[in-house]
Structure formats: structure tokens, C-alpha cells
Amino acid sequence: MTDILNALVLFANFVFVPGLAYGSQLALGALGVTLIYAVLRFSNFAHGDLMAFGAMCVILVTWWFQSMGISAGVFPTALLALPFGILGAVALSLIFDRTVYRFYRAQRAPPVVFVIASVGVMFMINGLTRLIIGPDDQRFADGARFIIRAPEFKEMTGLAEGLALRSTQAITVLVAIAVMIALFWFLNRSRMGKAMRAYADNEDLALLSGINPDRVVLYTWIIAAALATIAGTLYGLDKSFKPFTYFQLLLPIFAAAIVGGIGNPLGAIAGGFVIAFSEVTVTYAYRKFVDYLVPGWEPDGLLQLLSTDYKFAVSFVILVVVLLIRPTGLFRGKVI
């Protein structure tokens, strides 16, 4: 029985808890992508770099607060800086909307034109972020690092394996839940949320019923930029901030949105956790886990299906399989 408990704790420590935190970050990123796709009808390839820009604004304000001695106690100072980062990302999104996307909306350009334009915007945001903060790794997490440490867990339970729960992991999950509840409340209960859903379902009918398209576009960018900043900041707190990493995150985020059903917010959340747990479970080395379950068996290798260097390939494989078998995704979103 003790060996089984040790195996479960080991699995929770290296697979379940990291997968839950990573899935929360991907779900928030996928919600932004699916919102833009549902309302503005194009795949925004600049979303990953918008996450990086928003997180960068949070980091700069965090450093400023820290230089003045302002902190949030046991919580990361970045939580205090988060509203400023959201304002920066919203401002940048609206600038690009007014200077790039609005022109193509007026021309009623096909979605592929918006996609290509978003690729250009992606490179511009990427360059701007690197120019301001540089390409190197940045760590900005402060406050209490752990809620519970592995040695403390071992001492409490008497088990050989310890469970470590970082404060950034708990904050990620709690903030993600709060943001998801607020987003669903806004979309289902508020007047503007209902207008956005009507605009996404049928643009012409929504215009005939008196819905202001400019306000719908404005709110869509505001919400998408806020989601991107929150997701980017939580990812940076949990791991570290590096602009190129956010560019790589674009693949799992799009895979999450498509697997869940692009255009479907509930699907984006489910897709985020499917992709996250797939990446973590496939790249985890199961040798020690199996040692507990099958005592005496000594496997030759690490029992690792795929190296962590290829974890993003898991997203790509899942994406291709879903597009081939079920193009509308798990929750029947729109077909790309």
C-alpha cells in the first residue's frame, strides 16, 4: 500500500500538478484565440507575442514597484502590476486594430488576408518586445515560493516521496478559474456579452438588430488582450519569461483551441487541459513510478515515451489527428 501511495504522490508531483497549472495557462491563451476567431473571424497568429508583450509590461512595472519597496507580501508583486500590463496590451491591440485590421474590415477582406496581416503584426510585436526587454530569460517571481515543500510533505506523511506545491502553481489555477467564471458571466449575462455572441453567430442579423459593430470589436480586443496578459504573466511566474518561448507557445495554444472546437469558449478550456496533460504525460520518465508499482522489476531505460525537447511535437500530432478525424473539435466549434 505504501508503494502505491508513493507512486501516486510521485505522479501528482511531476505530472498532475504541473499539468494542471500548464493547462490553466493554455486554456486562458486558447480562450483569447477562440474569442478573436468567433467574433472577428480570423486566426490571430499574433496572440502568443501579445502574451509576451503584456507579460513584459507586467515585468517592467513589477521591477518599478520593487525598486520603490512596494510588494504584495507573500504574493508575487506581479499581481499588483497585472492591471498595468493589461492596459499596455489593450493599447497595443487597439493600435494595431486601428492601423491594420480596420482597413481590411472596411474592405470586407477574406479571413486569409487577416491571417497574413496577423503574421506581420506578430513579427512587429515580437521585435518590439525584444527591443524593450531583450531576448534573455527574465525571472520576476517574488513572495513566498512554496505552499508546501517536498521535505515537509515527507515529514507529515512518512512517505518516501514528497509533494511540492509552488505558490505560482496555486495562483495560476485560482486566477484561471476566477477569470473563466468572469468571462462566462460576461458573455452570458451582460448586454455587451450577448451582443458579441449575436455578432459571432450572424453578423448581418446582428447589424440589423442595431448592434454597434465598432463596440463589439473594441470589447473583443480588450478581453483578448486581458486574457493574453493574464496567461502570459501566469506562465512567466510559473516558469520564466523569454520572448521566444511565447512564440513557441502559439502551437499548443492553437492546438488547444482547435482540439476543443475553435470558436467555442468551453472547448478552448477543455482543449487547454487535453494538450497540457498530453505533453506532460508523454514526456515524463515513468521508471521510478513503475518501480513502486512493480517492485523488483528493473527496466533498462527511463520509460520515457518522448524527450521533453519534443513536447511541442505532441501538440502538433494531436492537432493533425483532430483535424483529420473531427475538424469541429471535441465541442463542435467551427470548421477552419
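1. H3 (78-106) gives the largest share of the lining of the second largest pocket, 4 residues. Helices here are DSSP runs of H or I with at least four residues, numbered from the N terminus. The model is predicted: local features need pLDDT of at least 70 and side-chain atom pairs count only at pLDDT 80 or more, while totals for chains, interfaces and linings use all residues. Residues are numbered from 1 along each chain as its sequence is written, and side-chain values use heavy atoms, without hydrogens and water.

2. The second largest pocket holds about 460 Å³ of space. Its lining has 21 residues, and Arg105, Arg108, Phe114, Tyr199 and Glu203 are the closest to its centre. A pocket is an open set of points on a 1 Å grid over the protein atoms alone, where a 1.4 Å probe fits, with protein on both sides within 12 Å along at least five of seven lines; lining residues have an atom within 4 Å of a point. The volume is the space filled by probe spheres set on the points, which are joined across faces, edges and corners.

3. By class, this second lining divides into 14 nonpolar, no polar and 7 charged residues. Ala, Val, Leu, Ile, Met, Phe, Trp, Tyr, Cys and Pro count as nonpolar, Asp, Glu, Lys and Arg as charged, and the others, Gly among them, as polar.

4. The largest pocket has about 600 Å³ of space. Pro18, Arg166, Lys239, Val280 and Lys311 are the closest to its centre among 20 lining residues. H1 gives the most to this lining, with 4 residues.

Terms used:
Helices (H or I, at least four residues) and strands (E, at least two) are DSSP runs, numbered from the N terminus.
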